[in-house]
Amino acid sequence: MLKMFPKLDEDLLVKLFHKGVKAQWTAEDVEWDRPVQFTPVQARALGRLLSPVYLGEQSAMIGASVALPQVAMAGETTAQLYLSSFLMDEARHFEVLTRLYHRLEIQPVNLREMPEMLQYHNRLRKGDRIDWVWGILISDIFAKNFYQTFAKSQPEALFGKLSSRILQDESRHQAFAEHYLKRAMPELPAERRAVLVEMRDDLLRIMDAMYHRLNADAETIGLDGREFLDNLRAEIERKAKRIGLDPSSSDGAPSSRRRVHAVGARLKAKAEDLQTRFQALSQARCDSCFVALLCQSRLVWAACR
Ligand SMILES: [Fe+2]
Ligand SMILES: [Fe+2]
């Protein structure tokens, strides 16, 4: 995995890495005393609605630490550099959202109340680095649309300002994923693309299930959850076409599901052979945190063995 003198092109990923390094900020730069512009009831609803995004920030941080050695082993040096800054961005988002929960004195939804959050992130971890980048692109579009709602509707309020800052980072993440996948797509056989289409469908199905649980909270803060998901679906569709993954012309129809599962199983076995395993994760003693639940999942145990 380590190379003494790797080839280092000046490509878009290096430019995004430079941008990311120059644009760093911390929770200390946030003006935490800005007006909140939510009633206590609305703030509680925001805490619940924000939960999948909040967990997504942690998941992206942990996922990048798994994908990074994979891109290194593939000799993708510039992607390796870029992911280092991505990891830092997601760690920052995770930290500031944790502080936001404390500042507003609100709570995220418990994983037991909404297990779909864990299903979503377990689904994101199936496959290799290309699957992960595709899943991260879908998650980043979700997060971008969510933050954008508040950056536009409450530009001077605490969460609106925070959202604007996070959005700048998320735009780099999308640029990376789009570029990486566009480059990888021509090399992928039809069966492999079908696996990506299936992943998109699975993730969107889980998002729908989460929406049903959070519908009342969305209404409380004046967000039309159905419209949000419809727009999200349309944007993911456009993005898929842009990266060369056109579901309408791929092998992703339900009739090919069995073949897709066979390919998925082969890819999973291959991924398990890689040295990039979740060795750093061990079974935690508590049973309520995300990492503990993740460690108890079959996927992680298989990877740890
Ligand atoms: Fe993020
Ligand atoms: Fe992101």
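Helix α8 has a kink of about 60°, centred on Leu214; the bend at a residue is the angle between axes fitted to the seven residues ending there and the seven starting there. This helix covers residues 190–220, 31 residues in total, and spans 44 Å between its first and last C-alpha, close to the 45 Å expected at 1.5 Å a residue. The expected span is 1.5 Å times one less than the number of residues in the helix.

The structure is a predicted model, in which local features need pLDDT of at least 70 and side-chain atom pairs count only at pLDDT 80 or more, while totals for chains, interfaces and linings use all residues. Residues are numbered from 1 along each chain as its sequence is written, and chains are lettered from A and ligands numbered from 1 in the order in which they are written.

After α8 comes Gly222, with a positive phi near 75°. Gly222 lies in the loop between α8 and α9 (225–242). Gly222 is exposed because 10 other C-beta atoms lie within 10 Å; the cut-offs are 12 or fewer for exposed, 20 or more for buried, and partly exposed in between, with C-beta atoms placed from the backbone. Between Gly222 and Gln42 the C-alpha to C-alpha distance is 9.2 Å, although 180 residues separate them in sequence.

The chain as a whole contains 12 helices and zero strands, assigned as DSSP runs (helices H or I, at least four residues; strands E, at least two) and numbered from the N terminus. Of its 305 residues, 37% are buried. Contacts (C-beta atoms, placed from the backbone, within 7 Å) were counted between residues at least 6 apart in sequence, and 81% of these join residues at least 24 apart.

Terms used
Contact = placed C-beta atoms within 7 Å.
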